[in-house]
Amino acid sequence: RPLDYKLIHNNVAPYCVGSISYSEGTNDDLNKFLWSDQDWDIKKSVAESMKDYARFFFGPEFAETGALALSALEENHRGSAISNTEVQQTLWKWQALEKEASPTLLQNPRFQMGLLRAVYDAYTQERLIYETNLEREAREVLHSVMQSGNQEDIPKVYTILERGWKEPVRQDLKSKCLELADALFESIGAQLTIKKHGGQSGRGNFIDLIQYPLTEAPWLLQALKSTKHLTNKEDISKAIFKILHRTDPGPGGFYDHFGDPKSWRRVFQAADWATDPGALKSIRTGYGTHLQGESYTIDIPEVAVKVSATPKAWNSQVEALYDVPLRIKYEDLDPQAHYRMRISYTGRFKSSVKLKSDDGVILHDHVRVDQNPFQEINIPHAVTRDGHVEFEWSCLEFERGVQVSEIWLEKIK
């Protein structure tokens, strides 16, 4: 992430006298060189640093093309993964380098890491497109089941969704990732899998997750188990409706998932990322969940992955660190209506969280969110009768912060 790291470095540099470029791993090797370059000369451009890196490690003939390929990796992670056109362009840049590379360069771990990133990103995007289409197809079948109440059509949903890992897309890209993982183990002992390379879970073994479902498929399959004992068509229709409409806030209501950028229009930001990259004043996106729930086991030839069968929305949140308050605003409310609020607290922080309205009404006092991850509150009419409300969350002193995954604001009367 050379552009991002230059910005981060230059934000904190005035408060430091030099630094030591260190990390816990090898995958951010490029970032450490960029950081050291900025320590030496804060005015040095990212492009020049990239050329120096490519020239020194790949060879002078790859100074320009190598720099462009390395910089392109950063663009892969900007915006929506499903629609980012740069991902394919980045892959082509690295494939062109690979064709020109000597046998020695092909064994260079820094080259291997860059190539693996490009291939893995492209494979992930291809899977996301493929699995998203499968989920859409499965939901269409479920919608028909909801209308008809015919239990015998539900196995079709299993068949459709399981194609995501039983008939995976772009096996050429997957095979290339596995080949590069082996090559990195040979060149520097990189442990990208547990079983084959002796890695540790959660410590860089991302190849073990190469077939991890990218959609709601595990949750849908797990949720459908609750319908197996049903025989009455009306009961089946109601059960399927509940699955398909999990996020529906009802007429006149609001639903937001704060891992989704569309919901961030409601979030108050005291500063933007460019001026506050460490989120010391601003709000950021958090990832991960303390909720294990049930699991759905998927057997793949290379790895066996136990996948959490929880809603995908629970894996990301809006996040305020430490004593930074989290403020979320709702407008265009019905002044005559009463509202009920449901909240999913699914982040990793396990803080004791307090919620109040902008006029000081305490909606719930401090609760440990790891013990009480779901809260339901009837909002006093006085809070919403002017047609808008700003909610504010805070945690106890010295706790890590506040994370909110989902909000339903339901109109109840």
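Two strands are taken as paired if DSSP finds at least two bridges between them. Helices (H or I, at least four residues) and strands (E, at least two) are DSSP runs, numbered from the N terminus. The model is predicted, so local features need pLDDT of at least 70 and side-chain atom pairs pLDDT 80 or more, while totals for chains, interfaces and linings use all residues. Residues are numbered from 1 along each chain as its sequence is written, and side-chain values use heavy atoms, with hydrogens and water left out.

Strand 8 (residues 352–357) has two antiparallel partners. With strand 11 (residues 389–395) the pairing runs over five bridges. Here Leu 355 stands opposite Trp 393. With strand 9 (residues 362–368) the pairing is antiparallel over four bridges. Val 353 has Val 367 of strand 9 as its bridge partner. Four residues separate the two strands of this hairpin, and Gly 360 takes a positive phi near 90 degrees.

Nonpolar cores were assigned next. Such a core is a set of buried Ala, Val, Leu, Ile, Met, Phe, Trp, Tyr and Cys residues joined through side-chain atoms within 4.5 Å. Buried means under 20% relative accessible area, exposed over 50%, and partly exposed in between (1.4 Å probe, protein chains only). The largest core holds 38 residues. Phe 58, Leu 70, Trp 94, Phe 111 and Ile 207 touch the most other members. At least two residues each come from helix 2 (29–40), helix 3 (46–57), helix 4 (63–75), helix 5 (86–100), helix 7 (109–148) and helix 9 (171–188). Helix 7 gives the largest share, nine residues. A separate core of 32 residues includes Ala 320, Leu 326, Ala 337 and Leu 363.

Contact means heavy atoms within 4.5 Å. Leaving aside residues up to four places away in sequence, Trp 94 touches Phe 58, Ala 69, Leu 70, Leu 73, Phe 111, Gly 114, Leu 115 and Ala 118.

Helix 4 has 13 residues and reaches 19 Å from its first C-alpha to its last, close to the expected 18 Å. The expected span is 1.5 Å times one less than the number of residues. Its buried residues are Ala 63, Gly 66, Ala 67, Ala 69, Leu 70, Ala 72, Leu 73 and Glu 74. They pack against helix 1 (2–12), helix 2, helix 3, helix 5 and helix 7. In helix 9, 18 residues should span 26 Å, and the end C-alpha atoms are 26 Å apart, which agrees. Buried positions of helix 9 include Leu 173, Lys 174, Lys 176 and Cys 177. The buried residues of helix 9 pack against helix 5 and helix 7. Gly 189 follows helix 9 with a positive phi near 75 degrees.

Aromatic rings were then compared. Rings of Phe, Tyr and Trp (its six-membered ring) pair if their centres lie within 6.5 Å; planes under 30 degrees apart count as stacked, over 60 as edge-to-face and the rest as tilted. The count comes to 15 aromatic pairs. The rings of Tyr 255 and Trp 408 have centres 5.2 Å apart and planes at 55 degrees, so this pair is tilted. Tyr 255 lies in strand 1 (residues 254–257) and Trp 408 in strand 13 (residues 406–411), so the pair ties together parts 153 residues apart in sequence. Tyr 255 is partly exposed at 22% relative accessible area, whereas Trp 408 is buried at 4%. Ring pairs also link Phe 33, Tyr 53, Phe 56, Phe 57, Phe 58, Trp 94 and Phe 111 into a cluster.

A charge sits over a ring if NZ of Lys or CZ of Arg is within 6 Å of the ring centre and within 35 degrees of the ring normal. The charged end of Arg 342 sits over the ring of Trp 408, 4.3 Å from its centre. Arg 246 lies over the face of Trp 219, at 5.9 Å from the ring centre.
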